[in-house]
Amino acid sequence: MSHSHSHLPDHSAPALNSLYCGEDAREVAQQDADTWISSHPQLPPSSTVLSPPSDDNTIAKLIDSESHFMPLSDYLHRCRHRSIDITARQDSINWIHKVHVHYEFRPLTALLSVNYFDRFLSSCSLPENGWPIQLLSVACLSLAAKMEEPDVPLLLDLQILEPKFIFEPKNIQKMELRVMANLNWRLRSITPFDYLDYFISKLPSCSSTKPENFNLVLKKSSDLILNTTRVIDFLGFAPSTVAAAAVISAAGKNFDTILLKAGGGQFFHERVNKEMVRSCHQLIEEYMIDTCPSDRLKDLSDEPLVDPASPAGVLDAAAACESCSTRSENPILASSQAPETEPIIKRLRSTAPDVQEP
């Protein structure tokens, strides 16, 4: 059966057309094409982000390069003005986080998935008819898992938790290649996780003699960073800025306390813009901390830190806490300055030959 693709933009039609195929939908069950999984050294599983010790020179080099691993500079503006479908973006990120929790992937896997997703969308348009965005989500998560996980699920097994479409493995692989080419094969992204060791080690309460404090702030910072991916406002901050702000919040401190107690010159690298960190920290406090006060750690300088009652952290709390779930959506709608009514959901292309409804 032939299909017309005249609805696709001219600049994206050739590449997207390559994702179509005419095989019977039953062939989606064939998994022989799903063996294209890059080899990965067998690393021990980890629920936290571990960063190597970083000196000032290393941090300076990371800051010099981090802009190459961020979405294009106008991406946030386009999200706010709805030229990017932020509802589809939110749905995609929520799905990525759910799969991340289901398979107990490392935090970096989820963060890289969203990083690839945003970088791709910032430079390449996709039709807003549902399945292309979902295909992109699956491809980005698959790529990130291949980069970070010792055990990567088959592409069919990755498509869980009620996706609207099920894609053939070979079409996911085609989208993976397109994503990698679009990103200039720069998959080893610089993320906020690369800076956590540096900033946490600058806190007097997280010195080498207090490893338990260091680990708890590391876990809490990781959870906060993952949750920033849900809010478009954080797209305006560099990875180093997000990392510094997350550490301040995770340690239960306010911005001025860091300047006074920890010593601003010691905590902040000279290349980090303090005012940008202040703004980012305020967003974290408003969107993530204020709505769930139990997720804030006590100021580490006041008393020994006690393991919080819910060690799963902000992500699980956000999933279980209605106030967090509601709050996380508000900044997206508010910052977009769009009408309160959402656009009409478009009809699913159930006849698309490269997908099938589950």
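The structure holds two cavities of 30 Å³ or more. A cavity here is a set of points on a 1 Å grid over the protein atoms alone, where a 1.4 Å probe fits but cannot get out. The model is predicted, so to speak of its local features pLDDT of at least 70 is needed, side-chain atom pairs count only at pLDDT 80 or more, and totals for chains, interfaces and linings use all residues. Residues are numbered from 1 along each chain as its sequence is written, and side-chain values use heavy atoms, with hydrogens and water left out.

Helix α5 gives the most, with four residues. By class, the lining of the largest cavity has 15 nonpolar, four polar and two charged residues. Ala, Val, Leu, Ile, Met, Phe, Trp, Tyr, Cys and Pro count as nonpolar, Asp, Glu, Lys and Arg as charged, and the others, Gly among them, as polar.

Helix α5 can be followed next to its partners. Its axis and that of α10 come within 10 Å and cross at roughly 20 degrees, where axes are lines fitted to C-alpha atoms over the stretch in contact and angles run from 0 to 180 degrees between N-to-C directions. That makes α5 roughly parallel to α10 (angles under 35 degrees count as roughly parallel, over 145 as roughly antiparallel, and 65 to 115 as roughly perpendicular). The contact (heavy atoms within 4.5 Å) joins P107, A110 and L111 of α5 to S222, I225 and L226 of α10. Five of these residues are nonpolar, one is polar and none is charged.

On α5 (residues 107-123) packs α4 (residues 86-102) as well, at an angle of about 160 degrees and with the axes 9 Å apart. The two are therefore roughly antiparallel. From α4, R89, S92, I93, I96, H97 and H100 meet P107, A110, S113, V114, F117 and D118 of α5. This contact has six nonpolar, four polar and two charged residues.

Elsewhere, the axes of α6 (residues 131-148) and α8 (residues 169-182) come within 9 Å and cross at roughly 75 degrees, and α6 and α8 are therefore roughly perpendicular. Residues of α6 in this contact include L135, L136 and V138, which meet residues of α8 including N171, I172 and M175. The contact of α6 with α8 divides into 10 nonpolar, two polar and two charged residues.

Notes: On a 1 Å grid over the protein atoms alone, a cavity is a set of points where a 1.4 Å probe fits but cannot get out, and a pocket is an open set with protein on both sides within 12 Å along at least five of seven lines; lining residues have an atom within 4 Å of a point. Grid points are joined across faces, edges and corners, and a volume is the space filled by probe spheres set on the points.
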